[in-house]
Amino acid sequence: MRAIWRTVIFVIGLMPSLAVAQEVCGGIDLIDQMPADERQALFEEVAGEPYAEGLLWRATKDDKLIEFFGTYHFRHAQTDAHLERLKPMIEAADTVYLEISNADQANMERELAGDPSLMFITEGPTLVDMLGEEDWQAFSAAMKDRNIPGFMAAKFKPFWATMMLGIGPCEARTGALEDRGIDVLVGEYAEEIGTGSKSLDDFIALLKLLDEDPLEQQLNLIRLTLAWPGNVDDMSYTIRERYLAQQVGLTWAFSKAVSLKYGGPTAEADFARFTELLLEERNRKWVDRLVADTQPGERVFVAFGAGHLPGEIGVLRMLEEEGFRIERLDL
């Protein structure tokens with residue numbers, strides 16, 4: 001989803017343009033700070049989840065070979081090292097897939113510049129009216145922390161507002177959205193060696209998919225995100241550091257636990273719908289495409305957000321169900 005966040009910044013033109021973040025975003029590991037019984041329950045839950053740990057994987061079936069890397073969409077301390085590890089795989093691949101290729105990201109930016117209604121409210125009530133005074137004040141303050149003024153924050157369609165809340169304020173302020181994370185770098189390297197890359201998502205269909213839920217459900221996702229009383233930079237730090245420890249299933253389980261604990265009576269349904277839209281539906285479409293399009297003898301490399309890898313609805317489990325043998329690789 002990093003391509004979409006970068007596109008938001010392209011359209012609104014408000015973030016500082018920084019080639020490299022000017023400070024390191026630190027924080028506290030919130031999983032370490034959990035009460036012992038809650039932390040133990042979290043680890044026990046993840047222990048039973050398939051493919052909960054690991055970022056680099058290989059799936060084989062007969063003479064088809066697909067290699068996967070789970071990305072963290074913003075730049076971090078190991079981005080360059082990860083790229084060096086991936087380069088031989090990219091070079092060996094006949095086909096390279098990203099969630100949205102660099103070329104399609106540029107196309108998406110042009111589409112949104114020409115039709116802002118795909119992401120923004122262009123007529124009628126804005127979030128000021130939709131959220132109500134208390135929630136609007138909390139949301140506008142959170143957006144201000146991310147360098148987005150209230151008049152612009154009010155115009156986000158609700159689902160996109162929720163996605164912006166998923167960006168840590170420190171990451172937003174220090175130019176993480178403008179910097180080139182691993183997804184972009186993989187695409188650039190694939191282009192440099194002449195392979196190029198393809199998109200797993202149809203970006204127009206994705207934009208419309210994320211806007212199809214009833215309005216009140218979309219507003220509830222904003223409220224779900226705002227309900228947590230902790231420091232969002234600590235949350236970003238926790239997710240990033242656990243990602244670097246390759247504990248992908250743990251970060252997802254922790255995010256779910258926080259949402260259900262603080263999100264109110266609709267939290268479980270809201271989180272389930274969010275998971276269905278952003279993970280399960282997309283994962284199934286990706287797997288169907290990879291299974292159908294990968295030809296005998298072809299070698300494929302795929303890079304997408306690490307959250308798509310683990311669990312019963314993860315890409316790896318779905319491929320296993322299609323008869324692929326799954327193997328974790330050293331990173």
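**Helices, sheet and cores in a predicted model**

The axes of helix α14 (residues 248-262) and helix α15 (residues 267-293) come within 9 Å and cross at roughly 145°. Axes here are lines fitted to C-alpha atoms, for helices over the stretch in contact, with angles running from 0 to 180 degrees between N-to-C directions. Helices (H or I, at least four residues) and strands (E, at least two) are DSSP runs, numbered from the N terminus. The model is predicted, so local features need pLDDT of at least 70 and side-chain atom pairs count only at pLDDT 80 or more, while totals for chains, interfaces and linings use all residues. Residues are numbered from 1 along each chain as its sequence is written, and side-chain values use heavy atoms, with hydrogens and water left out.

Back to the helix pair: W252, S255, K256, S259 and L260 of α14 meet A267, E268, F271, T275 and L279 of α15. Sorted by type, the residues of this contact are 5 nonpolar, 3 polar and 2 charged. Nonpolar covers Ala, Val, Leu, Ile, Met, Phe, Trp, Tyr, Cys and Pro; charged covers Asp, Glu, Lys and Arg; the others, Gly among them, are polar.

Next comes the sheet. It is open, has 6 strands in the order β4-β3-β5-β2-β1-β6, and its pairing is mixed. Two strands pair if DSSP finds at least two bridges between them. At the edges sit β4 (198-199) and β6 (325-328), each pairing on one side only. Strands β3 (residues 95-98) and β5 (residues 299-305) run parallel and are joined by 4 bridges; T95 has V300 as its bridge partner in β5. Helix α10 (residues 182-192) packs on the sheet, touching β2 (64-71), β3 and β5, and its direction makes about 155° with that of β3.

What about the inside? A nonpolar core is a set of buried Ala, Val, Leu, Ile, Met, Phe, Trp, Tyr and Cys residues joined through side-chain atoms within 4.5 Å, and buried means under 20% relative accessible area (1.4 Å probe, protein chains only). The largest core has 62 residues, of which L86, L127, F139, V186 and F301 touch the most other members. Helix α8 (residues 158-165) supplies the largest share of this core, 6 residues. Apart from it lies another core, of 20 residues, including A59, I66, V300 and V302.

Finally, P169 lies in helix α9 (residues 169-173) and is buried, at 6% relative accessible area. Leaving aside neighbours within four places in sequence, P169 is in contact (heavy atoms within 4.5 Å) with D145, R146, V232 and D233.

Methods:
Buried < 20%, exposed > 50% of the residue type's maximum accessible area, 1.4 Å probe, protein only.
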